[in-house]
Amino acid sequence: MSALLEAKEVTRTFWVGRGLFAKKRLLTAVNNLDLSLDKGEVLGLVGESGSGKSTLAKLLLGLLAPNSGSITLAGSDVGAMGRLALARRIQPVFQDPYSSLNPRKPVASIVALPLAVQGVGAAERRKRAVAMLEKVGLAKRHADVYPNELSGGQRQRVAIARALVVEPEIVLLDEPTSALDVSVQSQILNLLLDLRRDLGLTYVFISHNLAVVEHIATRVAVMYLGRIVEMADRETLFRAPRHPYTRALLESVLTPEPGLGVPETGLGLAIPNPLNSPSGCVFHPRCEEAGPRCKAEVPRSLRSPDGFVACHLYDGGVGRAAA
Ligand SMILES: Nc1ncnc2c1ncn2[C@@H]1O[C@H](COP(=O)(O)OP(=O)(O)OP(=O)(O)O)[C@@H](O)[C@H]1O
């Protein structure tokens, strides 16, 4: 079976530099990345801030073009598909339900907007918007209220209804519960799981919170400085993590820092600036197991039945420098 969504050797760079006369430098946000998503999966994408998750999300949504490599949806190039055609098939839900909903529009118009863009008539739009509001656990009366009359959880339900009203195949959820209270978070996660089952959806679920990803994902990809360093089925990844970075992230879940949002990784050094990406394995300056080879040689991705790991530990060891 071919993948529903596939990224092959995708790289995305940005020119950065402060001030008019400062020399611009090239930052690689997503680096030669491979990813494939089958129908019905929930792919959890985790990594610290700055690892490239949002850039990858924008690439998958066709909001950014890759510098090189390809992104295909059911075999068709995402860049060549056109915004409207793509929006019918893949829809985003973002973190902040406060800023993502127009405060001057009633809920039904907010949910119906993607249908208006697609040219659906007013009566049909309202009917489908109200039906979708009910599907996400809101009442009919919510159709005519304004976002400021709703709680954070209800607003996120509206954002989910707006994404689903065009009946997309894939929903890309970028930290959809991070702005919500913990008790509301699990309600939204359970709603997402129900919707996936009832509507046959496929999700990409981006989060820095591994506990959330463990709840919802079927497969997990761990990102570090623009690369996926490990990918595996959820059970495998949480039971037997292989990459030292994955292990550090998992340990950080055991000692959460309330209110910080971003995991305390216990890795000491902060994530390096992608403008000065380390040589060899980009994780080596923070890795307790690193050896001479890690500084010198970029690790290959070693395939396993349910994913891969990119670490010299599993490819002959870390001690031998490159020939
Ligand atoms: N438009 C841009 N111009 C310049 N640099 C950018 C741009 N977008 C992202 N970057 C840089 O690319 C790198 C990856 O950023 P990205 O936002 O994709 O990471 P992230 O994992 O989503 O982080 P966060 O969780 O903080 O959103 C960062 O170093 C960021 O500063």
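Trainee: Is the crossing where helix 3 passes helix 4 left-handed or right-handed?

Mentor: Handedness tells you which way the near helix is turned relative to the far one. Keep in mind that we're looking at a predicted model. Here, helix 3 goes past helix 4 in a right-handed crossing.

Trainee: And at roughly how many degrees do the axes of helix 3 and helix 4 cross?

Mentor: The axes of helix 3 (residues 107-117) and helix 4 (residues 122-135) cross at roughly 120 degrees and come within 8 Å. That makes helix 3 oblique to helix 4, because the roughly perpendicular range runs from 65 to 115 degrees and roughly antiparallel starts over 145.

Trainee: Which residues of helix 3 and helix 4 meet?

Mentor: From helix 3 you have V107, A108, V111, A112, L115 and A116. Facing them in helix 4 are R125, R126, R128, A129, V130, M132 and L133. Sorted by class, this contact of helix 3 with helix 4 holds ten nonpolar and three charged residues, with no polar ones.

Trainee: Zooming out, what does the domain assignment give for the protein chain?

Mentor: You get domain 1 (5-89 + 168-314) and domain 2 (102-166). Their C-alpha centres lie 30 Å apart.

Trainee: How many residues of domain 1 are in contact with domain 2?

Mentor: 14 residues of domain 1 are in contact with eleven residues of domain 2. On the side of domain 1 that touches domain 2, the elements giving two or more residues are helix 2 (83-87) and helix 6 (182-199). Helix 6 supplies the largest share, six residues. That side of domain 1 comes out as twelve nonpolar, one polar and one charged.

Trainee: What feature does UniProt place at residues 5-250?

Mentor: The unreviewed UniProt entry lists "domain: ABC transporter" there. In this model, residues 5-250 are 36% helix and 27% strand, and the end C-alpha atoms of that span lie 27 Å apart.

Conventions. Residues are numbered from 1 along each chain as its sequence is written. This is a predicted model: local features need pLDDT of at least 70, side-chain atom pairs count only at pLDDT 80 or more; totals for chains, interfaces and linings use all residues. Axes are lines fitted to C-alpha atoms, for helices over the stretch in contact, and angles run from 0 to 180 degrees between N-to-C directions. Helices (H or I, at least four residues) and strands (E, at least two) are DSSP runs, numbered from the N terminus. Angles under 35 degrees count as roughly parallel, over 145 as roughly antiparallel, 65 to 115 as roughly perpendicular and the rest as oblique. Two residues are in contact if their C-beta atoms, placed from the backbone, lie within 7 Å. Ala, Val, Leu, Ile, Met, Phe, Trp, Tyr, Cys and Pro count as nonpolar, Asp, Glu, Lys and Arg as charged, and the others, Gly among them, as polar. Domain bounds come from an automatic or database domain assignment. UniProt positions are given in the numbering used here, feature names are shortened, and annotations may be inferred rather than shown by experiment.
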